[in-house]
Amino acid sequence: MRVSLAWLREWVEVPEGAEALAERLTMAGLEVEAIEPAAPAFSGVMVAEVLEVAPHPDADRLRVCRVAAGGEPLQVVCGAPNVRPGLRAPLATVGAVLPDGTRIRRARLRGVESHGMLCSARELGLADDAEGLWELPPEAPVGEDLRRWLELDDQVLEVALTPNRADCLSVRGIARETAALHGVPLGGPRWDPVAAAREDRLPVAVEAPEACPRYLGRVVRGVDPAARTPLWMAERLRRAGLRSLGPLVDVTNYVLLELGQPLHAFDLARLRGGITVRLAHAGERIALLDGREVALEPDTLVIADAGGPVALAGIMGGAGSAVGPGTRDVFLECAFFAPGAIAGRARRHGLHTESSHRFERGVDPAMQREALERATGLLLEIAGGEPGPVTEVVSEAHLPRRPVVAFRPQRARRLLGAELADGEMRAILERLGLACEAPGEGPWRVTPPSWRFDLAIEADLVEEVARLHGYGRLPETPLAGSPVMPPAPEGRLDEGRIRALLADRGYHEAVTYSFVPEALQRRLDPEAEPVRLQNPLSAELAVMRTTAWAGLLLALQRNLARRQERVRLFELSMRFVRQDCEIKQEKTLALLAAGPAWPEQWGLDSRRPVDFHDVKGDLEALAAATGAPGAFAFEAAAHPALHPGQSARVLRDGEPVGWIGALHPEVAGALDIGVPVVLLEVALEAVRRARVPRFEPLSPFPAVRRDLAVVVDGAVPAARIAETVRAAAGPLLRELRIFDVYTGPGVEAGRKSVSLGLIFQESSRTLTDEEINGVVARVVARLEEAVGATLRQ
């Protein structure tokens, strides 16, 4: 929001300079990002009148002019196409300095002396383009310094507003805040309602009152199409960052900037029948003022006539009903649109307008008649015309109501750590326009004004008291309290320990968006119905993820594009799953490994690509940290995002807790990922649940190891073999090691030899050969029975 200091002072007495005001506004939460001059530096430029124009004797395109600038008439040579007698324009006199540093000197142009230079707005840095001299209005005072007359030494504040402070998206809004901060009354121009000069009305119907609770319109006939926007208005628009586009448009823009209420002017002759405020019909389209034609969706609010949509409500008008140079009759529209009905609709079509910016955040629902009367008065003053009566359609039931908020002064003092008097707090709230009822006992009843959408709870009012009292005036009081040691249950693996372990294994932690592209989400989890966002940041962030793999794969894409060939990422994050009528949030641990298995080095084959077993080993390291590595198992299963035959379901205590596997080639191709990728995702709770450590004394008796080589079918997983051995061996088995897998000569085709190391130990005695042989025999028999194993000869 750009605010001219001179315009602001029309509304409120500002007893300080721009820098001090900017500091005060910033400390009150309205950050002033920049202070800019209203015009670039130049000097010696006067308001002048062209008295006579004669041809140049030696140049067809030049004219010799007699110019009055407050003293003796001056001779000035000019080549502008619009120079003519009676024209008033800026004159850079001899000695003047222009914005580009040019110093004006007496000169001879093709043999004719010139005592100055008549200027265009571009030459003075006040316009980007110009087609001739800057034509000043007839009332411009000849001989007056141009900077002084137009107040070009004014300064412009660039205020960055947070979305909750839509009430300050106007000069009056900033003035209201400034008045409250300084404790001075709010002033500003006053205007009376404009009486109807004729009975012309345009029928108005509102079919969507929940989206448009209040709609006002007014017919104005006979405006002068040749009228020009007065210079004072054009200058204020320029300083606010808007171009002058003619009186009909400039008046609506001026009221928008002054009061914060968007308006729109329709060419009455181009409307068919009455106005209807409704939701768009399927298949409707509209050509907009910016030249684009857009397709409308059924949740888009439109302004329509008998022929169809003529404007996107609260966003932009249509080209088919736009005012132009020949417009003589207009229909002025002023409405309150509910923020929820406008939010996101502009971005859907790649638009962001001054109107949508305000309506999305909230406009004062009580301001529409005032703004329409202001616009009518300005339009009649500039372009004449005869207004009809105001037509108003209102649905009181759908208009927002400001809630009554209970405010406890003692609680405010406790929260702020400052002993503020009740009288001071009440004065602050009332300066902000809040109505306070303070009974003898109990909390105050405070009602926010219609323009403050952001005040709804007691904490909001406490913040307002702190802002206006001054954050810098609040005492710095050390917080009192006793340190509390958070519990650290031994049966839980700390998230910090998980992060550290993965970092030790070469992974980097990633933090990715919970919002992901819908197409990617469907590729990774086609069976889940994702949660759609009603107001997405962009089309690429339209749904909530049901798997953290989406964010990690997008991060991998960016890393590969930056020539990072070996990528290891992990993320502790939420996934969002529909469950019945609710959205279930589940915290998960996701890993992604891509590229070579090892960093480039001489000691290992760094060209070997990462595979399923590398990431499986990382999960087993986490499982070991829980103290219950045997609780985790892997079960071959198919997943739509994972490579067939290279994927498995992760189990803990027999319950599914996640997935592991290589990325499916079709998904990798669609994402243009040309390196091997292995993914893992498990419920975080599964790896946080740990076994409580228990002390066991070391056995003083020797351990005995027996090695077995058994031949099994090639499809039998090692985990099943280990499970069978442990069940058969019983408590004497202290450790089981699978140390070799062999296929080849000596082993039947389709089968494999698995070498097992069994370590036995008893804590109270030395085991005998007979005991160990009996256990080994039991193990061999159970393996033969369970998995069809035979001893390798």
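Guide: In this predicted model, strands E11, E14, E17, E18 and E19 form, in that order, an open sheet with mixed pairing.

Visitor: What makes strand E11 and strand E19 stand at the edges?

Guide: Strand E11 (204–206) and strand E19 (316–317) each have a single partner strand, so one side of each lacks a neighbour in the sheet.

Visitor: How do you know that E18 and E19 pair?

Guide: Pairing requires at least two bridges between two strands. Strand E18 (residues 308–312) and E19 have 2 bridges, in the antiparallel sense, and therefore they meet the criterion. Alanine 311 stands opposite glycine 317 in E19.

Visitor: Why is arginine 239 called buried?

Guide: Buried means under 20% relative accessible area. Arginine 239 has 6%, and therefore it is classed as buried. The residue lies in helix H5 (residues 231–239), and its contacts beyond four places in sequence include Arg2, Ser4, Ala38 and Leu150.

Visitor: Why is the approach of arginine 239 to aspartate 154 called a polar contact?

Guide: The cut-off for such a pair of N or O atoms is 3.5 Å. The side chains of arginine 239 and aspartate 154 are joined at 3.0 Å, which is within that limit, and therefore the term applies.

Visitor: What span is expected of helix H16, and what does the helix reach?

Guide: The expected span is 1.5 Å times one less than the number of residues. For the 13 residues of H16 (549–561) this is 18 Å, and the helix reaches 18 Å from its first C-alpha to its last, close to expectation. Among its buried residues are Trp549, Leu552 and Leu556. Arginine 563, which follows H16, has a positive phi near 65°.

Terms used. Residues numbered from 1 in each chain as written. Predicted model: local features only at pLDDT ≥ 70, side-chain atom pairs only at ≥ 80, totals over all residues. Heavy atoms only, no water. Helix = DSSP H or I, 4+ residues; strand = E, 2+ residues; numbered from the N terminus. Buried < 20%, exposed > 50% of the residue type's maximum accessible area, 1.4 Å probe, protein only. Polar contact = N/O pair within 3.5 Å; in protein donor to acceptor, adjacent residues only side chain to side chain. Contact = heavy atoms within 4.5 Å.
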